[in-house]
Amino acid sequence: MVIWDEFIHSIEGIFRTSGFATNDWRNYVMIVISGILIYLAIKKQFEPLLLLPIAFGMLLVNLYPAIMAAPQTTLQLVSDYQAAHGGATANYAIVTMGNQQYYQIPQVGGLFYYLYQGVKLGIYPPLIFLGIGAMTDFGPLIANPKSFLLGAAAQLGIFTTFIGAVFLGFTGKQAGAIGIIGGADGPTAIFVTSKLAPELLGPIAVAAYSYMALVPIIQPPIMKALTTKKERSIVMEQLRPVSKLERILFPIIVTVIVSLILPDACPLVGMLMLGNLFRESGVVGRISNTAQNELMNIITIFLGVTVGATATGSVFLSLKTIQIIILGLLAFSFGTAGGVLFGKLMCWASHGKVNPLIGSAGVSAVPMAARVSQKVGQEENPGNFLLMHAMGPNVSGVIGSAVAAGVLISILG
Amino acid sequence: MSLDQKVQLSMIVLLTGLVIVFVMLIFLTYIIKGYSAVIKNIQPNAKTDPVPKSVPTVQRASAPVPSVEAGIPEETAAAIAAAVYAVYGSSAGKIKSIRRAAQPGRSLWRIAGLLENTRPF
């Protein structure tokens, strides 16, 4: 009978600690949401490299919340500890309370807690930027530096969305973190949010990456609404070739200027440019390959699963998340509109030499936004090749969003 | 936050943000233009690929969008289009279709064996 009672007691104990007893309905809703995101990543291939780890991190944390648990210290009577360990003493710190001596026994945190430190301490986003820099060809931007203006205009979404978020009741720091979704740059959004409003990291990261995946759906209607058929058909002049020396000097000059004027943008811009210098110098091929492949992939896994793991049911399922998702869409739309409208201005100023469609690529989202410009342009004129022209604003958008991030951190941080 | 504070904060961030981003990127535009001009003067014969000239024009759509064989991703089609344009410029005309080249009827192992046996030394 005693054996039976102990058996039942053990089974009850296991059930009490199982997910069935400890999780609430919100965790199950999040499990369904993570399933939908996994479907979108695999079936629809929406940014699968990031969406898949994010969705699986979300799944894991809602099945087993302790995977994100911080390390703790528990107190145990020294006498109890010794009784349980055959009289052995331990090397833990001892505290005395009420004439009783206790061991302070450290408990390790969950796996994702440790991996998440790279996000919390702002380590992963600059490392991702290192890989992006090593993969990016800034040639089109150097050949046509005016593209910088389109990259600047497309940051309009960040600052207009900031206003919307403030008036919806978010604090200044939270509004800054929400606004940066308009930069269409995942690592920048995570970097800014981890510094300004870490409590919103889950919803903001999911919104930023979801909208980046939806760029081909969100942008074309705005681009078509703001341009005429004639403007969309403009064929742009071939870009001039860029010498190797120009390519090598570019990352050094940009790093020096941006870091001196806006030090808060230095970690992102500096690592972006370091990666690009690896690429363009041509003397560190192995490092360049590692930065754009192995390192980038490893950091992407860590970043994805831990960002996904911040989306627990209690945090994610709230009115704030819905507001963030709506504001994120507005941010993307305003950014696209800002770029296209400035493109129209440049078209007018250059007497029809600039196709305004390349302006939408200024929202970053490299290279998807540039491909959208190419695709929309070719719908009007199949002989039009805008991809290289759109890459200029596209990569300048990366620099522009990093600068905007530095501004937000500087003003609100 | 009161309404006044919200308006004040919004205006500060909007103006400061846009002004700094624009000033920074305009500054970079001129710096790049400047050093590019200096490099051109120093290295007038710098190694760069020749580019065919083209004249900016406004064209009417007259041909259909190139038909792309099923299974070829959009980015591959875009990269092919950009490569054609980079090499030929606007003289390339219009790409009518993109399809895979016919595969030889040999397996990879067979090709490897063939290469191994026909390589001189």
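Reply: Gladly! Let's begin with what a contact is: two residues are in contact if their C-beta atoms, placed from the backbone, lie within 7 Å. Keep in mind that this model is predicted.

Me: How many residues of chain B are in contact with chain A?

Reply: On the chain B side there are 53, and they touch 56 residues of chain A. Helix H1 (3-42) and helix H2 (74-88) of chain B each supply at least two residues of that side. H1(B) gives the largest share, with 24 residues.

Me: What does chain B look like along its sequence?

Reply: Its elements run α-β-α-β-α from the N terminus on, which comes to 3 helices and 2 strands. Of its 121 residues, 16% count as buried.

Me: Now a helix. Where does H16(A) bend?

Reply: A bend compares axes fitted to the seven residues ending at a position and the seven starting there. For H16(A), the bend is about 25 degrees at Phe250(A), with the proline Pro251(A) following within four residues. The helix spans residues 244-261 and reaches 26 Å from its first C-alpha to its last, close to the 26 Å expected.

Me: Which residues of H16(A) are buried, and what covers them?

Reply: Glu246(A), Leu249(A), Phe250(A), Pro251(A), Val254(A) and Val258(A) are buried. Their cover includes helices H8 (139-143), H17 (266-281) and H23 (387-412) of chain A, together with H1 of chain B.

Terms used
Residues are numbered from 1 along each chain as its sequence is written. Chains are lettered from A and ligands numbered from 1 in the order in which they are written. This is a predicted model: local features need pLDDT of at least 70, side-chain atom pairs count only at pLDDT 80 or more; totals for chains, interfaces and linings use all residues. A residue is buried if 20 or more other C-beta atoms lie within 10 Å of its own, exposed if 12 or fewer, and partly exposed in between; C-beta atoms are placed from the backbone. The expected span of a helix is 1.5 Å times one less than its number of residues.
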